[in-house]
Amino acid sequence: MTRIIQLVLSPLIALVVGVLLLGLSRKIIARIHRRYGPPIYQPVIDVIRMMSQRSISHGSLFDLGVVFALAGSLVTVMFIPLGGTQACQPFAHGVLCPLSSSGGLLVVMYLMLLGPLGLALGAGDSANPNASIGVSRKLLLALAYEVPFLLVILAVMSHYETISLTEIVARQQQAGWGALSVPLSAVAAFLILPAMLGVRPFDLVSAPQEIASGPMAEYGGRSLALIKLYGATHLFLVIALFVDLFLGGGVNLATFLLKMLIVFMAVEMINAVLPRVKIEDAIKFCWKWPAGLALLQMAITVLSKSG
Amino acid sequence: MSAQGILITAFAGAGLSYALGLTSARLREVFAIVVSVLLVCLIAITHGQGAEHVYYPDFLGLDLVLRMDALAWFFAITVSMVGCLSVIFSLHYVRGKEKENFYYFALLLVNAAMLGIVLSGDLLSFFIFWEIMSWAAFLLISYKRGRALDAGLKYVIMSILGSCAMLLALLYLYANYNTLVISDLAQQIRSAAGGFPLWVMLAFALGFGIKCALIPLHTWLPDAHSEAPSPFSAVLSGILIKMGIYGFILVMYGVVGLKLLLEVGAPWLHFHTVLCWLGAITILIPTFIALLQDDAKRLLAWSSIGQIGYIMLAIGVATSLGLAGALFHTLNHAVFKALLFLAVGAVEYKTGGVRDLNRLGGLIRRMPVTFACALIGGLGLIGVPLTSGFVSKWLIYKTLITEGHPFLALAALVGTWGAILYVYKLLHNMFLGQLPEKYANLEAAPFSMQLPLMICGFIIVLFGILPGIPLSVIGGIVGTLGFEPVTATLTGFGPQIGPLNTLNLCAAFAGVLLVIVAFRGIAARPKPVSQDDSYAAGAAAPAGKYHHTVRFYDPLERMTGGYLRDWVDQFYLSAAGKAKGVFNGVRRIYTGDVRTYVMYIVALLTFLIFAHTAGWL
Amino acid sequence: MVSPILLIAVPLALAFLTPMVGLASKSARRYMPAIAMLFNFIVAMSLLPKALEAPIIVRTAGWAPPLSIHLVAGPLGLLLSSLVALIGLLVAIYGIDYIREGARARYDVLYTLLLVGATGVVLTGDLFNLFVFFEVLCISSYALVAYRGDSAGVEAGMKYLIQGAIGSSLVLIGIGLLYGTVGTLSMADIASSVGSVAGSRLFISLAFMIAGFGVEAAIFPLNAWLPDAHSSAPSSISAVLSGVAIKAGLYAIARVVYTVYGASSILPFLAVLGVVTLLVGEMCAFAQEDIKRLLAFSSIGQMGLILFALALSSATGISGAVFLIISHGLAKALLFLATGYMIYRTGSRDISSLAGMGKRMPIMSLCFTVGAFSLMGLPPFVGFASKFTIVRAVLGTGSTFFITLLAIGLIGTVIEGAYFLRIVQWLYFKPAPEAMPEQTEGRAPLTALVPVGLLAVLIVTIGLLPGIVGRALGPAADDLLDRAAYIQHVMGD
Amino acid sequence: MNFLTSYIHYVGCFALVLIGLYVALVKSNLIKVIIGINLIDTGVNLFLVATGYLGGGTAPIFSKAAEQSQEMVDPVPQALVLTAIVIGVSVLALALALAIKVYDHNGTLDLRKLKGLKW
């Protein structure tokens, strides 16, 4: 029974928190820009509005791609521990992670693919050059940040010698945060967070002024609503993962969300002040600094393990 | 049904289909399909049998042995299945072209020879079937003429080179142990010491490496795969290059054995470690080259090399999970690469031979089934969860990480992200986006082409959700090769290997999907509009080419394109050019003047006498 | 019982009878070589089983060796003479319709004489007799190369003659030197007394003989005549020259080195020479545009490999060499014969003119492909079995020297694969040129298809069942290797 | 001096062979080369006879003059030479016939120009 509650709860948390974070994001940026900004629940209003609008469709894949993207990211959430320890007992293993025994970090990494891929396939089905360019950028950007990201994850997995995410969290709660054990990886991961989230300076995928929101160019109505929700879930997912990998997860949901909020604020600071970069520069940046740091950390980890 | 019966059916089938083709084309087609299906059935019912018997006593003083065991069965069923699908696909593909008879004969012969390879119980039969496969494949690669001829020559020259190395290796074994029967060799080689196994392995590695296109021996593959007829590209990429993999597994674990293997090479650089790193390189470079290709089949060809890298890497790690992953990935790659080549073949067939990714587009509207299958194949290639590719890659990553090879794991993972890029490029440029006007009335591919695609797609999804089916076989094989058997549940792995349960994943995904679809149902259905009715910033969308395909990954190409030329190929080509120059120079000794020739005679005589007086002879 | 001497006497008689038969019936004359060779084949095959047990010694005029000139029909000799007869027979059938111009009578006589010479070389037990048969073989082949009387043929014949004549003189000097040393000409007798005579004189005579026989055996660098002669002669003659004649030269070398001298010190040198010959032949073949010249160079390459295998001085090595002699004989004869009608069809010897031949002459093309594959050593054709035996022998010696040589030699095989498969591509995968004049006289008649087809069938059959000849290979190798037994058989107890 | 007297026939015949070889190697006229070959042939024949030569020996016939085989010259080389001469003559005839043909086709006997077949 607790399992089923978890299964419903964890995607729901992701959606709600994600949407609120989106709203918060606009608020924070507005404040930094010395504007008042929309209310924090503005994304909810947006979704309701879009759901009530009738839109166009370019084909079945055009519609289904978005569904797959959202489904993929929601399923991913179920593999991520959202706080809790072995000690507290509301859930089976003490951790809010309904599918922890069905797959570890490798599954999470792969499931995170489904979102961009679904969106890319859907967007590709429209014959809009903006969409294609946006997808092309998205995939290249993914390649750019995945290299350091993979290095980061491998360093963490090597350090803790497990591929289970719950295990990694548990080990951190016993022996200190990942940010202290693998500090360079944590820095690298933080550096690529904006790229993973698609915010400035790496918001070149949607780039509304440039390529008319890229993959979203043709979307409207309920599909756009789903994309919005996908974006929210993805935002939640990435930050949650960061918290799990480096900040020791959370002893309970509240601390977990608090840590997420802090990380999110930090990312938003960057988002608010930096301009957009070109895709080449994005690739160069990702493959230089974060990748370099992560590589260094991985080398240190491997050497310390073998030595 | 014994292995012998299977082989007789296969070879006789090839011959008979040629004979039948002389009388009736239709009869031959039916017969070819019947034989292929029959082979699949025959092999399927031999599951679980283990036998070894001499089928040809005293061939040049050696007994030729056939053997059926778990490993052989696994490869045999893969070979026969992909072979069968490609024969079915060929029905329409070659109908009306010339040399149909030859085509079917050669295709069935290649398949038969491959069955022979995997069912061989001694290295001589292995070599014989290997050679038959090589030359038959050469004929088929050359089938389409034009550039295919050069591709065929390149393939066969490298292949002969590899065969020579193999011949040396296996006869070196024979000279030492006086037998070529694999089971006997495995018994006797245990006592081997020193550099002996290393030399044997190196020579074998050259032969197998060329066939399975391990970098730097890969250069034949992009040309051959892209120029061969598509059904045969599926065979080439799906199973023929896997024969190299089979060879590696057979020699490394079946003959030399795990214990000895781990000692082969210098203490600081083991043979299998080198293989691992070659595998890693073979993943990385071809993947990045693949995403710059504009020819659909060439893209897939480079991708094949990349996937071979995974398998080699997994074999080289020499762990039971790694080997299981390698075997599973072999099966998966056979299925999804066959699917993708056949899908491209279907497109090529319908569009009159267009494989240029920049000239296609929007075909999802005309060929939805082909697209759906290609999508599944592409997802399998990437290794998206719920496809079989995920489970095999998961096994490989898992073993790499837990065995402490994060750098190798990095190569493998980066390769996967590269795969996303090229798979998307392939699918997008062919099927998505704007449909060119000339294809507006294209019909869907005939059923005989769709059926193999659907079967492959079904297998990919089935094994993705229930990986226990193939893994139960693979686990057993791993056990017979000297490893701890891999125990898998029907839906993944228990806690002792690692958390993976694909069925839960599938259920969760299906549930979430249902919820989303239901949620989506609240809103009004969108209005279907034509493709031209798209956002063009206020201007009318032009009727000509509108969507973006050309140089799809241009930024990356500009950054890396310079480094990603096939240096190895260029090196080989320049070496071949130099060699030609040398050959032409050697030719000049025959000057045409008879007096020079007389001088040669006198010179040899003088040399002989001189050498004798000098005490050399 | 049938005596091996019939193998020489009957065809010789038939050869000289041929012009007379020609007086009676011109068409009957054309069949004479075929009849002679059919006879030889039957006799040789019937004698072979017996010879496998012990060599059949034929004494002339009742004199016992070493005084008489005698034939030693051992396993090797009879095996090779069967091969000579078989190829001779098939080529003779081919020649019935193939030879259309020139003095037909002379062709038939010379052709038979050539084969008699080859048979004599492999059967004789007397050194000078060997020389005589050798000269019969050579002189008839000089003439046959120039048979067409065209510019290239005459030039090639002339050059061949000059080199051949000098080679023969060297052989004769060698024989003279040897005779001066040991005072006998019977090979067995020389062999038994050679051990007691050591020194340079012996070696120098051997050097002369190697250089002399080497010309006919096409050993590098003595093989310059071969590409000219093979490419300029009529294809049927090229077939026997390549399939039979050069093998006789090599046989002579092997016999002299192994049986007569027992000279093992020169074997490494011969092995090196063999590999060099192999490489040079294949390299030169690679760049050829003339199909017959290409085949000729390929013959050189194969001869190199045979020489290399002979020099291994192990039973397997020599079995492999003999096996390769057989398989190369069959395959090369097949290739030249198939090429013959293709050239008639297109009127050109350029490889590029073979484009689309697979469609125009399907059977010839198929057989050509079989021959080419066999020559490359691809299974399941006979070439594989023979090359495999050789490689096995080399690795069996365990000597780094030989293995290194083999590894170098295998490069030759790769080159060979490259050019032969290119031709196969031309045959099948190049579109035939538009508007090709259909020369009806170029169509292959039954007398061409039967021998070519038969050779292809033989290549496949022996390839699948190498035991057919494999049984005779062991005794044949012993025939060369086991000097003591040879001496004992010939000289009696 | 002693060497010369006892081996004069060998010296002579090898001189002939060498002269022949020189001609074949150096002269560019086909006829001269054929003559050279013939010189070699003659030299070789002489050499063969010389191997069986016995100073002061008689013909190898059992007669009054010589009852002992030791006093006879060796008959075998003489037999060989007879054969060799026949062979030499046929080769020579064939060579000359071909030379005529060569001249017919090329209008020259210059070997330097007879390079239709090469490489």
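This is a predicted model: local features need pLDDT of at least 70, side-chain atom pairs count only at pLDDT 80 or more; totals for chains, interfaces and linings use all residues.
Starting with the chains, four pairs touch, and the pair with the most contacts is A and B. Chain A keeps away from the other two. There is no contact between chain A and chain C, and their closest C-alpha atoms sit 40 Å apart. Chain A does not touch chain D either, with 56 Å between their nearest C-alpha atoms.

Chains C and D, on the other hand, do meet: 28 residues of chain C are in contact with 28 residues of chain D. On the chain C side, the elements that put in two or more residues are helix 6 (127–145), helix 7 (151–182) and helix 10 (225–232). Helix 7 of chain C gives the most here, with 17 residues. Sorted by class, this side of chain C comes out at 18 nonpolar, seven polar and three charged residues.

Over in chain B, the domain assignment picks out domain 1 (325–521) and domain 2 (568–613). The C-alpha centres of these two domains of chain B are 55 Å apart.

Back in chain A, helix 10 (residues 221–246) packs against helix 1 (residues 2–32), with the axes 8 Å apart and an angle of about 95°. Since angles of 65 to 115 degrees count as roughly perpendicular, helix 1 and helix 10 of chain A therefore fall in that class. From helix 1 of chain A, the residues involved are A:Ala14, A:Leu15, A:Val17, A:Gly18, A:Val19, A:Leu21 and A:Leu22. They meet A:Leu229, A:Gly231, A:Ala232, A:Thr233, A:Leu235, A:Phe236 and A:Leu237 of helix 10 of chain A. This contact between helix 1 and helix 10 of chain A has eleven nonpolar and three polar residues, with no charged ones.

Helix 10 of chain A also packs against helix 11 (residues 253–273) of chain A, where the axes come within 9 Å and cross at roughly 110°. That makes this pair of chain A helices roughly perpendicular. The crossing of helix 10 of chain A with helix 11 of chain A is right-handed. Helix 10 of chain A brings A:Ile239, A:Ala240, A:Phe242 and A:Val243 to the contact, while helix 11 of chain A brings A:Phe256, A:Lys259, A:Met260, A:Val263 and A:Phe264. By class, the contact of helix 10 with helix 11 of chain A splits into eight nonpolar residues, no polar ones and one charged.

How values were computed:
Residues are numbered from 1 along each chain as its sequence is written. Chains are lettered from A and ligands numbered from 1 in the order in which they are written. Two residues are in contact if their C-beta atoms, placed from the backbone, lie within 7 Å. Helices (H or I, at least four residues) and strands (E, at least two) are DSSP runs, numbered from the N terminus. Ala, Val, Leu, Ile, Met, Phe, Trp, Tyr, Cys and Pro count as nonpolar, Asp, Glu, Lys and Arg as charged, and the others, Gly among them, as polar. Axes are lines fitted to C-alpha atoms, for helices over the stretch in contact, and angles run from 0 to 180 degrees between N-to-C directions. Angles under 35 degrees count as roughly parallel, over 145 as roughly antiparallel, 65 to 115 as roughly perpendicular and the rest as oblique. A crossing is left-handed if the near helix is turned anticlockwise from the far one by less than a right angle, and right-handed if clockwise. Domain bounds come from an automatic or database domain assignment.
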